[in-house]
Amino acid sequence: MMGDIMKKVSFLRKIADSGLVAIVRTESKEEAIKVFDALIHGGIGTIELSLTTPDAIEAIKELTDRYSDSSNVVIGAGTVLDSETARISILNGAKYIVSPSFDKQTAKLCNLYQIPYLPGCMTVTEMQTALQYGVDIIKLFPGNMYKPEFIQAVKAPLPQVNIMPTGGVTLDNLEQWFKAGCVAVGVGGNLTAAVQTGNYENITDKARKYVERIKEVRLGLKK
């Protein structure tokens, strides 16, 4: 059990250290795998595959096997709506579970398997409930409905909460979110839009830009 706890801590630390979780949602499993390869080539290793992608579970298993020797790659399952789907994802290699909303049974299931659970929350009440069920990182979703100052407001009564805004995050507003106190950001379409034209080099290039920008922002915040 101690080993499982340390693995969970390790997965959480990698998300926090990277500062970014890339969200992949494509029209096919083949596209998803190509996007993963492009993102990883660009330096992003914390990636979630939305289960709205056809054959997503198979893709997670294939990608987990492919990158089993890479300590920097941590693959998660996204858009998980229930505990049954979470369990299937975990058994097929998902190292963390992401949901658009908080679900108590999914939280319990992830605690049982010592797997990080990142549920979407919009209110302080939802966040408080999630913390009570052992959630370590809360996804502020949809992030484009809020300003970065919202994180500062939440962390006044809940300073212990780790928030990851998802939706509406761009290279231009990264600094505002990190200044407000987020632990990481979730980025989807803004990072992977070029999949629609098959331009995977563009995805790799954007990945590098996000990695570099996060490093710059964090270095600036330390000064």
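Reader: Which helix gives the largest share of the lining of the second largest pocket?
Author: This is a predicted model, in which local features need pLDDT of at least 70 and side-chain atom pairs pLDDT 80 or more, while totals for chains, interfaces and linings use all residues. Residues are numbered from 1 along each chain as its sequence is written, and side-chain values use heavy atoms, without hydrogens or water. The largest share, six residues, comes from helix 10.

Reader: How much space lies in the second largest pocket?
Author: A pocket is an open set of points on a 1 Å grid over the protein atoms alone, reached by a 1.4 Å probe, with protein on both sides within 12 Å along at least five of seven lines; lining residues have an atom within 4 Å of a point. The second largest pocket has 15 lining residues, with K14, D17, S18, G43 and V211 nearest its centre. Its volume, the space filled by probe spheres set on the points, is about 360 Å³.

Reader: Which element contributes the largest share to the lining of the largest pocket?
Author: The largest pocket holds about 430 Å³ of space. Its lining has 23 residues, and I23, R25, V187, G188 and G189 are the closest to its centre. Two elements give two or more residues to this lining, strand 8 (185–187) and helix 9 (189–192). The largest share, three residues, comes from helix 9.

Reader: Which residues of helix 10 does helix 2 meet?
Author: Helix 2 (residues 29–41) packs against helix 10 (residues 200–222) with the axes 7 Å apart. On the helix 2 side, E31, K34, V35, A38, L39 and H41 make the contact (heavy atoms within 4.5 Å). Their partners in helix 10 are Y200, I203, T204, A207 and R208.

Reader: Where is the cis peptide bond that ends at P142?
Author: The bond runs from F141 to P142, and its omega is near -5°. P142 lies in the loop between strand 6 (138–140) and helix 7 (149–155).

Reader: Which residue has a positive phi although it is not a glycine?
Author: The loop to look at is the one between strand 3 (74–78) and helix 4 (83–91). The residue there with a positive phi, of about 55°, is T79.

Note on methods:
Axes fitted to C-alpha atoms, helices over the stretch in contact; angles between N-to-C directions. Helix = DSSP H or I, 4+ residues; strand = E, 2+ residues; numbered from the N terminus.
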